[in-house]
Amino acid sequence: MLKSIENADLSQISLTGLRALAILGLLMGRDRSLEEIREIFIKNSILEKGSSNDILRIDMNTLKAMGCDISRASQKTDYKYRLGNHPFALDFKEEQIAALKKVYKKVCEKASLNKLIEYHKFFKRISNHIYNENSKQALLGISILKSHNIELLEELTRDCEEKRIVTLYYERPTSRTEIKKEVLAQKLEYKNDKFYLYGYDANINEPTVLNIKRVKKIVSRRKNNGNIQEKTFKVKFLLKNVSASFLEENEIITELIGDKCVIEGTYHNEFLAIQRMLFFGPDCTVLEPKEFREEVVTKLKEMRRMYEK
């Protein structure tokens, strides 16, 4: 708004109205002292250097007369003016929140973590302009990241992108004791309302999957420099009744055989590969590796025995 004022013909508009709207915009962003507002106005040619601060106080009173709740600048507010409720505040009805939830849920199915963080911050920015507490909490509650440490997620995202080795303390799921781990960060994934860090544990020389909520502290991070080699688990399988959109980004169609496809999948570890094969059910036939195919058959037999009891 202030940038557009620089190119405006101020002789054609009400300066009192302009200053009042500008003050409203500044206070919507954060608390401001009278001196801060004055400096910004002078910089943007809204106010002359020799003008009295009484002009700004009159502008404040104009906003109050319009229904804006502006607290007095006192020691309690660090001598800054604070904007409360005002006629331009946002509000959301229940049906509007419900519609947003529906759209958000659909978008989340394919959204990256970076995009989810952007949506979360967007909801938070909007909520700053909502003074109905119920509406504010309803809007903030839409984000699946509402109970997560956003700063930690952003840091781990960068660790994965740069394939860094992260030293961290992790709470054991059973004993609640913390153990120190050195993990090569590979990717973050959201599943079943939880975030997981997929990586390679240098302490046990095995792939690992960590629940982000159990990461208690990150001690350090460093470049890999080839010290730890990434390992993945590859599976070739035959699948019928499939479309390309049904596959994950780590699965590639290599051959078409009638109404079936030969697919090569690359998975973080054998456990996740088994889960994926079981997800496909009877439409899936594991081709190789042979040992893995036998492992899947064994798992299916165990499941059958459990359901027969």
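What is the volume of the largest pocket? In this predicted model, the volume of the largest pocket is about 2000 Å³. The second largest pocket has a volume of about 170 Å³.

**Largest pocket**
- The lining of the largest pocket consists of 46 residues, and Lys187, Glu189, Tyr190, Lys191 and Glu248 lie nearest its centre.
- Elements that each supply at least two lining residues include the helices α5 (94–108), α6 (113–127) and α8 (150–161), together with the strands β4 (178–191) and β5 (194–201).
- Strand β4 provides the largest share of this lining, with six residues.
- Divided by class, the lining of the largest pocket holds 20 nonpolar, 14 charged and 12 polar residues.

**Second largest pocket**
- Among the residues lining the second largest pocket are Met277, Leu278, Cys284, Arg293 and Leu300.
- Two or more residues of this lining come from each of α9, β11 (284–288) and α10 (290–308).
- The most is given by α10, which contributes four residues.
- The lining of the second largest pocket has eight nonpolar residues, two polar residues and one charged residue.

**Helix α4**
- Helix α4 comprises 12 residues (54–65) and reaches 16 Å from its first C-alpha to its last, close to the expected 16 Å.
- Leu56, Asp59, Met60 and Leu63 are the buried residues of α4.
- Viewed down the axis of α4, these buried residues fall within an arc of 105°, so they line one face of the helix.
- Ile58 and Ala65, on the other side of α4, are exposed.
- The buried residues of α4 are covered by elements including α2 (15–29), α3 (34–43) and β1 (70–71).
- Gly67, which follows α4, has a positive phi, near 105°.

Methods
Residues are numbered from 1 along each chain as its sequence is written. This is a predicted model: local features need pLDDT of at least 70, side-chain atom pairs count only at pLDDT 80 or more; totals for chains, interfaces and linings use all residues. Side-chain values use heavy atoms; hydrogens and water are left out. The expected span of a helix is 1.5 Å times one less than its number of residues. Buried means under 20% relative accessible area, exposed over 50%, partly exposed in between (1.4 Å probe, protein chains only). The arc is that of the directions from the helix axis to the C-beta atoms. Contact means heavy atoms within 4.5 Å. On a 1 Å grid over the protein atoms alone, a cavity is a set of points where a 1.4 Å probe fits but cannot get out, and a pocket is an open set with protein on both sides within 12 Å along at least five of seven lines; lining residues have an atom within 4 Å of a point. Grid points are joined across faces, edges and corners, and a volume is the space filled by probe spheres set on the points. Ala, Val, Leu, Ile, Met, Phe, Trp, Tyr, Cys and Pro count as nonpolar, Asp, Glu, Lys and Arg as charged, and the others, Gly among them, as polar.
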